[in-house]
Amino acid sequence: MNLLPHRYPMLLIDRVLECTPYEHLASIKNVTINEPFFVGHFPQKPVMPGVLILESLAQACGMLAFRSVQDTLSPNDVIYLVGIDKARFKRPVEPGDQFKHEVTVRRVTRGIWIFEAKGSVDGQLAAECEVRCTVRSV
């Protein structure tokens, strides 16, 4: 919570498992039935909305970017999501799942960070995408 500006119910990372700045980050989101989106998203068979799966992966990317450049940031700098490409969903994420994020820096070009992001449940790929982020002052 010290590194991301998000708060409940939009904070979608529960723990960082490992981080190598400028390279890779692994983190988890414990998905519980108490999540507010489950009330209205397929109540008879609750699944995590795809847009929140992508947001969760994007937050992991933002965390990796922040951890990589935190010594050079001012207190007014934030990391913004600027794009998601090649998003694919392979299996649903349901209450009780532990959604694991694996994000890798592909390159940084003109201030735009480009990541490969994958999310899995019990070792099975659930979603993957390419995420773009940038640092901006607010």
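Valine 93 is in contact (heavy atoms within 4.5 Å) with Val31, Val47, Met48, Ile53, Phe99, Val121 and Ala126, leaving aside its neighbours within four places in sequence. The model is predicted: local features need pLDDT of at least 70 and side-chain atom pairs count only at pLDDT 80 or more, while totals for chains, interfaces and linings use all residues. Residues are numbered from 1 along each chain as its sequence is written, and side-chain values use heavy atoms, with hydrogens and water left out.

**Sheet**

- An open sheet is formed by six strands in the order E1-E2-E4-E5-E6-E3, with antiparallel pairing; strands (E, at least two residues) and helices (H or I, at least four) are DSSP runs numbered from the N terminus, and two strands pair if DSSP finds at least two bridges between them.
- Strand E1 (15-20) and strand E3 (77-89) are the edge strands, each pairing on one side only.
- From one strand to the next, the twist averages 20°.
- E1 and strand E2 (residues 24-30) run antiparallel and are joined by five bridges.
- Threonine 20 has histidine 24, in E2, as its bridge partner.

**Helix on the sheet**

- H1 lies across E1, E2, E3, E4, E5 and E6 and runs at about 55° to E4; axes are lines fitted to C-alpha atoms, for helices over the stretch in contact, and angles run from 0 to 180 degrees between N-to-C directions.

**Nonpolar core**

- The largest nonpolar core has 35 residues, of which Val93, Phe99, Phe115 and Val131 touch the most other members; such a core is a set of buried Ala, Val, Leu, Ile, Met, Phe, Trp, Tyr and Cys residues joined through side-chain atoms within 4.5 Å.
- At least two residues of this core come from each of helix H1 (50-69), strand E4 (98-109), strand E5 (112-121) and strand E6 (124-137).
- H1 supplies the largest share, twelve residues.
- In soluble globular proteins, nonpolar side chains tend to be buried together.

**Two individual residues**

- Isoleucine 53 is found in helix H1 and is buried, with a relative accessible area of 4%; buried means under 20%, exposed over 50% and partly exposed in between (1.4 Å probe, protein chains only).
- Not counting residues up to four places away in sequence, isoleucine 53 touches Met48, Phe89, Val93, Phe99 and Ala127.
- The C-alpha atoms of isoleucine 53 and aspartate 97 are separated by 12 Å, the two residues being 44 residues apart along the chain.
- Aspartate 122 is found in the loop between E5 and E6 and is exposed, with a relative accessible area of 75%.
- The C-alpha atoms of aspartate 122 and phenylalanine 99, 23 residues apart along the chain, lie 8.2 Å from each other.
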